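I am opening a notebook page on this structure. The entries below record what I looked up, in order.

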Amino acid sequence: MNHLISKLQPIDYAIVVVYLVILLMIGYRASFGKKKKKDETLFLAGKSLNWYSIGFNMWGTNVGPSMLLAFASIGYATGIVAGNFEWYAFVFLMLLAMVFAPRYLASNVTTMPEFMGQRYGEGTRNILAWYALIKMLISWLSLGLFAGGFLVRQILGIPMWQSVIVLVLFAALFAMAGGLKAIARVNVFQMILLIIVSCILCVLGVQKVGGLAALFTKTPASYWSLIKPASDPGYPWPAILLGYPVSAVAFFCTDQAMVQSVLGARNLEQGQLGVSFIGWLKILSIPLFIIPGIACSVLYPQLASPDEAYMTMVTNLFPAGLNGLVIVVLIAVLVGTIGSSLNALSTVFTTDIYVKKINPGATNRQIIKTGRLTVLAGCGFAILMAIAIDSIKGLNLFDVFQAVLGFIAPPLSAVFLLAVFWKRTTRRAVSFTLSWGSAISLGIGIVYLWVLPAKEYSFWPHYLLLSFFIFLLLVVIAVLISVTDPHPVRTAVATQELAKPSRKVKLVWGALCTVMIVLYLIFG
């Protein structure tokens, strides 16, 4: 495959330079343009984010380089079924907006460990803080950066170590200088750009096929169904229906990198509208990211691997003079995901470890300095891990990444759902689930992936179903511990009247739910 860099024209370089200048100007204005409040830190943007900043920033955090690759790859091989991971998410985004967000904002917390610590004590906060740090370092930073470096290397032909160092340091600029406010402002610009460029790629692909009607007739009918039979080896409907919610609750409702935008909301209404906005944006995922892969299956059916679909479309369809836009989008999705992850990492470490354990009397200046140092440390770790992952040969890493997230999620989903929906949950049950429950879940994951790999041993269920079974097991254990605890210690937070969603929020969410139900009826 020819690398994209061989096709670059002077105008492409000009586009990249203009983009970088605009990006730095937006970041500078967000970081230094207005005088900050005396107590404003890097972490929650001074609670100034409005609905579109929240929506675009959450989407920017969610849309990483691996999504560009994986969705085009799945579209090439199986059609729109991967759209479930985007469209089905509206249920759990609504759970975040209507159930979790009111409690998070009423608690006036900065991190998820702090929220759980208010309810179940410092021991729970400590366990969750370290769990969250490890999760962000591995699943967000290291794997996300590797995916970005992989894509950069394939398209531009530069070594992995060069691409990851340049890209992660560029993302770190915004996290260090302006924190969440700078990242959120930058992501608004970047996600609009991503939509435009992805639309161009989709239109070019569909036009080359001969139009939408030709695309439908030249592909199998099964490519246009979201629901696969239970016997389907890749995405059986029971696995999607039961297993995906476990990961989705952990990802959308409890993950610091995702929830932090909501914590920085100007008020609850803006937070709830912002979460609905990402739900609307996710509708675009099939036309923006999956249909180009389906078009590629018609135009280039003999690819050595479906993973080449995105890069094949880019290198063959973009005309000279527009290839710079591809590089721009590449930088955009990396800055969005890695920048938000670095900010979340520094927030958890500084708030839950440094201020709580190391220096309780820290000044705002010391807190900001520690946050910036944490960003640098996170960059170093992510670079080393990405280079180490790149040295592994003969492993389908993208499938492994997806499965790993399925084994990280059950303890988090179980603990947060019980904490919110069942008042009898005890501190002992929560601590067990976060510690021993995590060991159980990750231990099963290690056996599934490496000791008795599913590809060689057919007795394993689909990894999403396995994630669901682990979740059920942990919930049952937590309930049994709670009801049999001889000295139960339950949430110490006084029951408070939570704010009701406004009429505008109800209308927006009602419209989104209606649209999603119609889409599932059409494509189900």
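How many salt bridges does a search of the whole structure find? I ran the search and got five. I note here that the model is a predicted one.

**Entry: Lys282 and Glu86**

I looked up Lys282 and found a salt bridge to Glu86, with 3.0 Å between the closest N and O atoms. Lys282 belongs to helix H13 and Glu86 to helix H4 (residues 84–87), so this pair ties together parts that lie 196 residues apart in sequence. Are the two partners buried or exposed? Lys282 has 1% relative accessibility, and because buried means under 20%, Lys282 counts as buried. Glu86, at 4%, also counts as buried.

**Entry: Lys135 and Asp255**

Next I checked Lys135, which forms a salt bridge with Asp255; their closest N and O atoms are 2.3 Å apart. Lys135 sits in helix H7, whereas Asp255 sits in the loop between H11 and helix H12 (256–263), so the link ties together parts 120 residues apart in sequence. I noted both Lys135 and Asp255 as buried.

**Entry: Glu122 and Lys356**

I then looked up Glu122, whose salt bridge partner is Lys356, with the closest N and O atoms 3.9 Å apart. The cut-off for a salt bridge is within 4 Å, so I kept this pair at 3.9 Å. Glu122 is in helix H7 (residues 122–156) and Lys356 in helix H16 (residues 323–358), so parts 234 residues apart in sequence are tied together. For the accessibility of this pair, I recorded a relative accessible area of 31% for Glu122, which is therefore partly exposed. Lys356 is partly exposed too, at 37%.

**Entry: helices H2 and H13**

I went back to H13, the helix that holds Lys282, and asked how its axis runs against that of H2. What I found is that the axes of helix H2 (residues 51–62) and helix H13 (residues 268–282) come within 7 Å and cross at roughly 45 degrees. That angle makes H2 oblique to H13. I noted the crossing of the two helices, H2 and H13, as right-handed.

**Entry: a surface patch**

Which residues form a nonpolar patch on the surface? I listed Ile227, Trp237, Leu241 and Leu242, which together have about 350 Å² of accessible area. I followed up Leu241 and placed it in helix H11 (residues 237–254). With a relative accessible area of 41%, Leu241 is partly exposed. Patch members need over 30%, so Leu241 passes at 41%.

Methods:
Residues numbered from 1 in each chain as written. Predicted model: local features only at pLDDT ≥ 70, side-chain atom pairs only at ≥ 80, totals over all residues. Heavy atoms only, no water. Patch = residues over 30% accessible without salt bridge, like charges linked within 9 Å, V, L, I, M, F, W, Y side chains within 5 Å. Areas by Shrake-Rupley, 256 points an atom, 1.4 Å probe, with all protein chains shown as cover. Salt bridge = Lys/Arg side-chain N within 4 Å of Asp/Glu carboxyl O. Helix = DSSP H or I, 4+ residues; strand = E, 2+ residues; numbered from the N terminus. Buried < 20%, exposed > 50% of the residue type's maximum accessible area, 1.4 Å probe, protein only. Axes fitted to C-alpha atoms, helices over the stretch in contact; angles between N-to-C directions. Parallel < 35°, antiparallel > 145°, perpendicular 65-115°, else oblique. Left-handed = near helix turned anticlockwise from the far one by under 90°.
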